[in-house]
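Try each task yourself before reading its solution.

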Amino acid sequence: MRDEQNQTAKGFVEQVVALAPALSGARGEGLARFAKAGLPSTRVEAWKFTNLRGLDKLTLGPAPDAAAVTVDAIPTALETPGPRLVFVAGQYRADLSRVDDLPDGVVLSSLAAEATPMLGDGPLRTLNSALSSQGAVLRVAAGLKLASPVELVFIAATAGDKAALWNPRIVIDIADGAEATVVEHHVGANADAYVSNIVADVTVGIAARLHHYKLQAEGLDAWHLANVSTHLAQDAVYDTFVLNLGARLARHEARQVLDGTGIEARVSGAYAITGNQVSDITTLIDHAKPHCTSREVVKGVIDGSARAVFQGKIIVRPDAQKTDGYQLNRALLLSEQAEINSKPELEIYADDVKCSHGATAGELDEDQMFYLRARGIPRNAARVLLIGAFLDEALEEIINETVRAYFRARAEAWMGAR
Amino acid sequence: MSLIEIKNLHATVDGKAILKGVDLTINAGEVHAIMGPNGAGKSTLSYVLAGREGYEITEGSVTFGGQDLLSMEIEERAAAGLFLAFQYPVEIPGVSNTTFLKEALNAIRKTRGEAPLDAMQFLKLIRAKAKDLSMTDDMIKRAVNVGFSGGEKKRNEALQMAVLQPKLAILDETDSGLDIDALKIVAEGVNKLRGPERGMLVITHYQRLLDYIVPDVVHVLANGRIVKSGGKDLALELEANGYAQFGVTEAA
């Protein structure tokens, strides 16, 4: 009985299982496990604020043949696109990708189906493991610094009026002393209903550096469910940022394990949502070893009847003395119906640590609005200025200037469209 | 020709009457000072003219440049040439002074049917104006009023005034929080803007500011009304005798 109440969107789960190809071995077992476990309802603590029930309203069909889809524009954060992998409706498009001109020691390729590792931690990961047939792999050999950012582009496409489901897998492996920048783009047309269930597994080796940025600009009828798991070794630097602008419901769940001393983890994000959108950023920063720092700044703007969720958990294990953790979560509510559910959680088991966190939610400052307008700036332009300034504080966390400028431009475009 | 004509202006805040029939006319080229005790309604008058929300006009009219000022939006008043130098300039983190002033100037130019200044033209203008006020490049690049001292904030107000070139400048307690050197710089900036087309309304509690910005007319505002008007000597008289003669007792 209790199991039943912990599940939701059963109709969706049944459709997924019915549409799945015949699977054998571990994949078949994975699908069976997913069918049994179902999707978490809001009774499950980690999903308390994010309801997947609406998935039931989708009528699932097969994804379209990606080769037959015309792609007009491939988004890029760069002036001159560098290496990239392009996926359409979850399927690799070699003709749109650029994998030549890579230095020796760099592997950038589409993930072959059989290479998909089985990782069954949670129902959405299990589903991805069972059905994932495509994905992206980036491996950078020890000591190698990859100058040009690598872009992973996921473009949605649907066939007819049926919704599609795809399960891309992303594997990023930065070996000891190496450095790379990865920009993910997830884009789609507003009219298309689809479910993108993404799993990313990231490892950053000793003294390696990874800048990992993601722009989520899915169509407004899309479901974007991402689960990122990152393992960091001694002295690694991980600089990650997610910008949530699109999707009807987007959940970005990121877990990073700081499994060595001297690690610096920067886990930040921003969102701008309206209508009935839901943006969920759920993070776990797991300080397993001493002398590490983590910094997390998540800010967002909520208009219409949209709702944002921030769940930020920081664990400091008994061994992780001298941990320095900082977390800030701020939301700007632009309408009466806008809503934020913020849940910072600090679990500290070591006694010599420095951890601070803050969460605020507020409206546009009336004094600031009056001041700007008293200087002749019209109401809307004044709002755009203040919202931009608000989001900028989060966007400043992005170390790569080119990407920061691109993300800022995308956020400004969102505000300009209001 | 009259620049602004305030007639029998009544205003309330949260149902409480603050302005109880203000009459005031300022002609182009004139500098008027309004003096008065705390609570007389000085700041209310400046906010009502600038269009701040939270004030209810219960009676009276204000004509500015031939238009009904009270029916205009805040930004329309600014575009029409009204400028309020704030007693407490607002800090705006994340918006640079340059961006702020460029947006403001170009918005105002747009309503006047003038082409916007490009980044280079604007930078040249703002640098020249900032130099007059002994403001550094760093100050014009920083976020609006963030980390500014009291004096720097008031200089920033003077800079905005110099860039926007209003027809009527209302200076609300510009001297508060200023040491004498800062006061001189700001007053000098204000005096530079005096001219035959421009009017000024200087609101102050103390006579000190009026040593540097010498008014043509001085008014006493007490209990929501102008109770006395005179020449610049009236300010000196008030300094000597206080406001008690107007039935107001001030806490020491």
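**Exercise 1.** Decide whether B:Glu152 is buried or exposed, and find its salt-bridge partner.

*Solution.* Step one: B:Glu152 has a relative accessibility of 19%. Buried means under 20% relative accessible area, exposed over 50%, and partly exposed in between (1.4 Å probe, protein chains only), so B:Glu152 counts as buried. Step two: its side chain meets that of B:Arg142 in a salt bridge (3.9 Å, N to O); the term stands for a side-chain nitrogen of Lys or Arg within 4 Å of a carboxyl oxygen of Asp or Glu. Step three: B:Arg142, at 25%, is partly exposed.

A word on the model: it is predicted, so local features need pLDDT of at least 70, side-chain atom pairs count only at pLDDT 80 or more, and totals for chains, interfaces and linings use all residues. Residues are numbered from 1 along each chain as its sequence is written, chains are lettered from A and ligands numbered from 1 in the order in which they are written, and side-chain values use heavy atoms, leaving out hydrogens and water.

**Exercise 2.** Describe the salt bridge between A:Glu393 and A:Lys299.

*Solution.* First, the distance from N to O is 2.4 Å. Next, the pair links distant parts of the chain, 94 residues apart. Finally, A:Lys299 is buried at 1% relative accessibility, while A:Glu393 is partly exposed at 37%.

**Exercise 3.** How many salt bridges does the whole structure hold over all chains?

*Solution.* A search finds 35. One network of salt bridges links A:Arg373, A:Arg379, B:Glu53, B:Glu73 and B:Glu75.

Key: Helix = DSSP H or I, 4+ residues; strand = E, 2+ residues; numbered from the N terminus.
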